[in-house]
Amino acid sequence: RTKIREEVSTYYGEHSSSLNCLVADNCIIEGEIENCIVFSGARISAGAKLKDCIIMEGGRILSEASLKHVVTDRNVVVRNGRTMMGDENYPITIAKNSTI
């Protein structure tokens with residue numbers, strides 16, 4: 001059985017951009033995302049830039065953060081101005097409930 005969640009639609013900010021992404025319901029996208037998968041309840045703040053990332057449920061990427069080839073588990077917070085870059089063959093993974 002699958003869980004039925006009736007959530008609000010995803011909000012895209014006025015200056016946000018999304019290219020080749022899969023975004024679930026109940027997200028707030030205000031930054032730039034490219035080739036990303038974003039799970040329900042995630043928030044990408046204005047000024048954040050993500051490329052080739054997976055942000056799981058409840059993840060928060062704060063302003064001016066820059067992520068490339070990063071996989072975050074549930075409820076991860078990436079603070080303002082952080083830069084994290086993995087490789088296509090060796091992405092960076094961040095454990096559940098972490099704050100970076």
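A: One term before we start: contact means heavy atoms within 4.5 Å. Also, this is a predicted model.

Q: Okay. Which residues does T10 touch, leaving out residues up to four places away in sequence?
A: T10 touches V23, A24, D25, N26, C27 and I29.

Q: Where does T10 lie?
A: T10 sits in the segment before β1, and β1 covers 11-12.

Q: Is T10 buried or exposed?
A: T10 is buried. Its relative accessible area is 18%, and buried means under 20%.

Q: What lies 2.4 Å from a polar atom of the T10 side chain?
A: The backbone oxygen of A24 does. A24 is also one of the residues that T10 touches.

Q: Let's zoom out. How many helices and strands does the chain have?
A: It has 0 helices and 15 strands.

Q: Which strands form the open sheet, and in what order?
A: There are 5 strands in it, in the order β1-β4-β7-β10-β13. Their pairing is parallel.

Q: And which are the edge strands?
A: β1 and β13 (77-78). Each of these pairs on one side only.

Q: What holds paired strands in a sheet together, in general?
A: Strands of a sheet pair through backbone hydrogen bonds. The pairing can be parallel or antiparallel.

Q: Back to β1. How many bridges join it to β4?
A: 2 bridges join them, and the two strands run parallel. β4 covers residues 28-29.

Q: Which residue stands opposite Y11?
A: I28, in β4.

Q: New topic: the core. How many residues are in the largest nonpolar core?
A: It has 19 residues. Those with the most contacts inside it are I44, L50, I55, I61 and L67.

Q: Tell me about L50. Where is it found?
A: L50 is in strand β8, residues 49-51.

Q: Buried or exposed?
A: L50 is buried, at 3% relative accessibility.

Q: What does L50 touch, not counting residues up to four places away?
A: L50 touches E32, I33, E34, C36, I44, I55, I61 and L67.

Q: How far apart are L50 and C36?
A: They are 14 residues apart in sequence. In space, their C-alpha atoms are 7.4 Å apart.

Q: What about V38? Where does it lie?
A: V38 is in strand β6, residues 37-38. V38 counts as buried, at 2% relative accessibility.

Q: Which residues is V38 in contact with, leaving aside neighbours within four places?
A: L22, V23, A24, C27, I29, I33 and I55.

Q: How far is V38 from V77?
A: Their C-alpha atoms are separated by 14 Å. Along the chain, V38 and V77 are 39 residues apart.

Q: Switching to charges. How many salt bridges does the structure hold?
A: It holds 2. In one of them, E30 pairs with R43, and the closest N and O atoms are 3.2 Å apart.

Q: Why does that pair tie separate parts together?
A: E30 lies in the loop between β4 and β5 (32-34), while R43 is in strand β7, so the pair ties together parts that are 13 residues apart in sequence.

Q: How accessible are E30 and R43?
A: E30 is partly exposed, at 23%. R43 is partly exposed too, at 33%.

Q: Which side chains meet in a salt bridge at 3.3 Å?
A: Those of E57 and R74. E57 is in the loop between β9 (54-55) and β10 (60-61), and R74 is in the loop between β12 (70-72) and β13. The two are 17 residues apart.

Q: How accessible are E57 and R74?
A: E57 is partly exposed, at 24%. R74 is partly exposed, at 36%.

Q: Last topic: overall size. What does the C-alpha trace span?
A: About 35 × 35 × 25 Å along its principal axes.

Q: What radius of gyration does the chain have?
A: 13 Å. That agrees with a compact globule of 100 residues, which would have a value near 13 Å.

Q: How much of the chain is buried?
A: Buried residues make up 31% of the 100 residues.

Key:
Residues numbered from 1 in each chain as written. Predicted model: local features only at pLDDT ≥ 70, side-chain atom pairs only at ≥ 80, totals over all residues. Heavy atoms only, no water. Helix = DSSP H or I, 4+ residues; strand = E, 2+ residues; numbered from the N terminus. Buried < 20%, exposed > 50% of the residue type's maximum accessible area, 1.4 Å probe, protein only. Polar contact = N/O pair within 3.5 Å; in protein donor to acceptor, adjacent residues only side chain to side chain. Core = buried A, V, L, I, M, F, W, Y, C linked by side-chain atoms within 4.5 Å. Pairing = 2+ DSSP bridges. Salt bridge = Lys/Arg side-chain N within 4 Å of Asp/Glu carboxyl O. Rg over C-alpha atoms; globule rule 2.2 N^0.38 Å.
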